[in-house]
Amino acid sequence: MTVMWNVAQYFTIGFLGIFKTKDLMISVFAVQVINMIANFARMAVSRPFGKYSDKKSYAKGFNLAMMMAAAAFFINIFTTNATWYLIIAYTVLYNCSLAGSNQNSFNITYSYVKSEYITQAMAIKNSIGGVCGFLASVLGGKILAVVQANNNMIFGIHIYGQQLLSAVSCVITLAVVVFIHKVIEKQKVTIR
């Protein structure tokens, strides 16, 4: 679950800074203001996210975070020069999703792995996620380079590479939602 989430993130996130400043022509100052607003929004939803996860389950909390992230990636598919303001909605939604994904990822591992294996499970999960995230970033960079080399045209349609990468990240994030529902939520929680 978290490996797929790492792939979805790394596939797109690393390339959005240049998209905001070069393609959308937003000033660095404005980008930082947007990021600050998004970080404040993340702080504001962190506590409610925690309460929701405690009440429902960590898997349901992670699932809610993934739906928010998928919505963010979906919004970014339609972000262009004419709709540059969508990057604000994307940034806020994505950051808010991190409030649920970060805390619930750890808690899910803690809930489903016996306490004597927590350290090993976290190490394995983070190592595999890091390697897969790195490979996704390399692949995303290659796709972005191909799109840019073709003057942002694919099959005669003008598209920014970051829009295409966001579409792929959206699909992967939706796969995480299905995986949580079909696999994680059906597992028995380890009693501590």
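**Entry 1: Asn151**

I started with Asn151. I found Asn151 in the loop between helix H6 (118-149) and strand S1 (153-154). I note here that the model I am reading is a predicted one.

Is Asn151 buried or exposed? I looked up its relative accessible area, which is 61%. The cut-off for exposed is over 50%, so Asn151 counts as exposed.

Next I checked the backbone. Phi of Asn151 is near 55°. That value is positive, and the residue is not a glycine.

I then looked from Asn151 to Gly161. The two are 10 residues apart in sequence. From C-alpha to C-alpha they are 9.9 Å apart in space.

**Entry 2: Phe155**

I moved along to Phe155. Phe155 sits in the loop between S1 and strand S2 (157-158). Phe155 also has a positive phi, about 50°, although it is not a glycine.

The relative value is 82%, so Phe155 counts as exposed.

Where does Gly161 lie? I found Gly161 in helix H7, which covers residues 161-182. Its relative accessibility is 0%. Buried means under 20%, so Gly161 counts as buried.

I checked Gly161 against Val147. They are 14 residues apart along the chain. Their C-alpha atoms are separated by 5.5 Å.

Val177 lies in helix H7 as well. I read 14% relative accessibility for Val177. That falls under the 20% cut-off, so Val177 counts as buried.

I also took the pair Val177 and Met153. They are 24 residues apart along the chain. Their C-alpha atoms are separated by 31 Å.

**Entry 3: Phe19**

I went back towards the start of the chain. Phe19 is in helix H2 (residues 16-23). Is Phe19 buried or exposed? Its relative accessible area is 0%, so Phe19 is buried.

I compared the position of Phe19 with that of Asn107. The two are 88 residues apart along the chain. I read 34 Å between their C-alpha atoms.

**Entry 4: H4 against H5**

Now the helices. I took H4 (residues 58-77) and H5 (residues 86-112). Their axes are 7 Å apart. They pack at an angle of about 155°. Angles over 145 degrees count as roughly antiparallel, so H4 is roughly antiparallel to H5.

I looked up the handedness of this crossing. The crossing of H4 and H5 is left-handed.

Which kinds of residue make the contact of H4 with H5? I noted 20 nonpolar and nine polar residues. The contact has no charged residues.

**Entry 5: H4 against H7**

I stayed with H4 and turned to H7. The axes of H4 and H7 come within 8 Å. They cross at roughly 160°. That makes H4 roughly antiparallel to H7. H4 passes H7 in a left-handed crossing.

**Entry 6: H1 against H5**

I did one more pair. The axes of H1 and H5 come within 12 Å. They cross at roughly 155°. H1 and H5 are therefore roughly antiparallel to each other. I noted a left-handed crossing for H1 and H5.

**Entry 7: the largest pocket**

Last, I looked for pockets. What is the volume of the largest pocket? I read about 230 Å³.

I went through the lining. Among the lining residues are Met1, Thr2 and Val3. Ser105, Ile108, Thr109 and Tyr112 are also included. I found Val113, Ala121 and Lys125 in the lining as well. Ile184 and Gln187 belong to the lining too.

Which helix gives the most to this lining? H5 does, with four residues. Helix H1 (2-12), H5 and H6 each supply at least two residues of the lining.

I sorted the lining by class. Seven residues are nonpolar and four are polar. Lysine counts as charged, and Lys125 is in the lining.

Conventions: Residues numbered from 1 in each chain as written. Predicted model: local features only at pLDDT ≥ 70, side-chain atom pairs only at ≥ 80, totals over all residues. Heavy atoms only, no water. Axes fitted to C-alpha atoms, helices over the stretch in contact; angles between N-to-C directions. Parallel < 35°, antiparallel > 145°, perpendicular 65-115°, else oblique. Left-handed = near helix turned anticlockwise from the far one by under 90°. Buried < 20%, exposed > 50% of the residue type's maximum accessible area, 1.4 Å probe, protein only. 1 Å grid on protein atoms, 1.4 Å probe; cavity = no way out; pocket = protein on both sides within 12 Å on 5 of 7 lines; lining within 4 Å. Points joined across faces, edges and corners; volume = space filled by probe spheres on them.
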